[in-house]
Amino acid sequence: MSQKTTKPALLYDDQGTYADYLFMCLPLAAMACCFYGLRVAVLCGVAFLTANLCDRLVAKMRRVEYVKNEWSSEAFALMLALLMPATVSYYVLIVGVLTAVLLGKEAFGGYGAYPFHPVAVGYVVTAVSWPGQMFSYPRPDLFRGLPLGSTAGVILEESPAHILKSGGLPNINLMDMLLGNYAGPMGSTMLLVIFACALFLLHRRRIGVMAPLVFMGTCFVVAFCFPRLAELAFTAPWHHAAERLSAARYELSSGATFYAAVFLINDPVTMPKNKISRAVYAAGLGLMATMFRYFGAFEAGACFALLIMNSLSGWLDRAVQSAVYRKGVVRREA
């Protein structure tokens with residue numbers, strides 16, 4: 001009779017990274033509770049429990065001991081939940097978490113072995129399967145919460161990202177934009193809170209500076225040079241600078257772009273290991289995310305682009321190492 005083994009060998013020793021990510025999801029969830037009520041807390045709780053049960057079930061099926069201090073699945077679940085509207089149905093959230101944990105993580109061997117970011121896997125599946133639920137948002141109403149059950153009677157609005165995709169320009173107060181007081185995903189609109197989370201993660205050395213800056217810079221350059229405004233689409237980049245800056249500001253602050261730069265890009269498993277390849281990776285991710293937003297079927301493009309760039313992560317590391325090696329050989333022969 002086979003017996004349970006000891007704790008499974010982990011491929012990485014940075015489990016604390018996901019504990020910090022999980023911890024940083026809490027301020028965003030708390031702020032969302034102020035805007036949308038206790039429904040946000042229930043959604044986050046459902047996501048957390050679903051991910052935890054998935055890990056326990058997989059550990060039982062593999063006959064290994066469940067690792068109590070490995071929080072990656074729970075962190076992925078909360079990050080995914082915060083990318084959804086506060087009115088999303090519970091079953092959509094559960095399917096997304098099951099997809100992220102079982103298909104995105106465990107199907108490839110579990111912690112440290114997955115090639116694609118599990119949050120992106122779960123988000124893409126739910127976005128393609130239920131676009132009506134994923135891209136319609138309630139307007140925040142401070143301290144007046146949504147119902148815990150059915151939200152069929154809640155008035156839904158389009159997000160600023162949808163307005164940009166339609167060729168318009170949103171008109172949102174700067175303070176409302178910084179605080180997240182507009183229709184959008186329940187956790188990715190609070191720019192000030194996300195910035196504070198980024199400072200904490202930087203202090204803990206859980207994320208780097210280069211990849212987010214290159215990603216955001218690439219998105220800014222594309223949005224500034226090629227704004228989705230009909231009257232500016234075919235003009236020179238140095239004309240109408242104020243309108244271009246306004247369009248670029250909305251592009252960077254909507255569609256979960258800033259959220260992805262802090263919480264998704266710097267995943268220690270899926271991003272390249274070499275500094276040069278990380279810069280190329282982030283630039284390609286910014287360009288591809290913008291192209292998905294411009295020409296894709298959905299208003300959000302970061303998670304779709306992330307899956308494609310994840311598939312190139314290992315190749316970028318090998319290509320950079322090969323280029324550096326050839327350069328060193330040429331120097332020695334000279």
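How exposed is arginine 62? Arginine 62 is partly exposed, with a relative accessible area of 40%; here buried means under 20% relative accessible area, exposed over 50%, and partly exposed in between, using a 1.4 Å probe and protein chains only.

## About the model

You are looking at a predicted model, in which local features need pLDDT of at least 70, side-chain atom pairs count only at pLDDT 80 or more, and totals for chains, interfaces and linings use all residues. Residues are numbered from 1 along each chain as its sequence is written, and side-chain values use heavy atoms, leaving out hydrogens and water.

## Cysteines

Let's turn to the sulfurs. Searching the whole structure gives 0 disulfides, a disulfide being a pair of cysteine sulfur atoms within 2.5 Å. For cysteine 25, the nearest cysteine sulfur belongs to cysteine 197 and is 7.9 Å away. Cysteine 25 is also buried, at a relative accessible area of 1%.

Cysteine 34 is in no disulfide either, and its nearest cysteine sulfur, that of cysteine 33, lies 7.1 Å away. With 27% relative accessibility, cysteine 34 is partly exposed.

Side chains of opposite charge can pair when their charged atoms come close. The count here is 9 salt bridges, where a salt bridge is a side-chain nitrogen of Lys or Arg within 4 Å of a carboxyl oxygen of Asp or Glu.

One of them joins arginine 206 to aspartate 20, at 2.7 Å from N to O. Aspartate 20 sits in helix 1 (residues 15-36) and arginine 206 in the loop between helix 9 (191-203) and helix 10 (210-225), so this pair ties together parts that are 186 residues apart in sequence. Helices are DSSP runs (H or I, at least four residues), numbered from the N terminus. Aspartate 20 is buried at 7% relative accessibility, while arginine 206 is partly exposed at 21%.

Now back to arginine 62. Its salt-bridge partner is glutamate 106, with the closest N and O atoms 3.0 Å apart. Arginine 62 is in helix 2 (residues 38-62) and glutamate 106 is in the loop between helix 4 (90-105) and helix 5 (118-129), so the two link distant parts of the chain, 44 residues apart. Glutamate 106 is buried, at 10% relative accessibility.

Glutamate 106 also meets lysine 105 in a salt bridge, at 3.8 Å from N to O. Lysine 105 is buried, with 1% relative accessibility. These residues belong to a network of salt bridges that links Asp55, Arg62, Glu70, Lys105 and Glu106.
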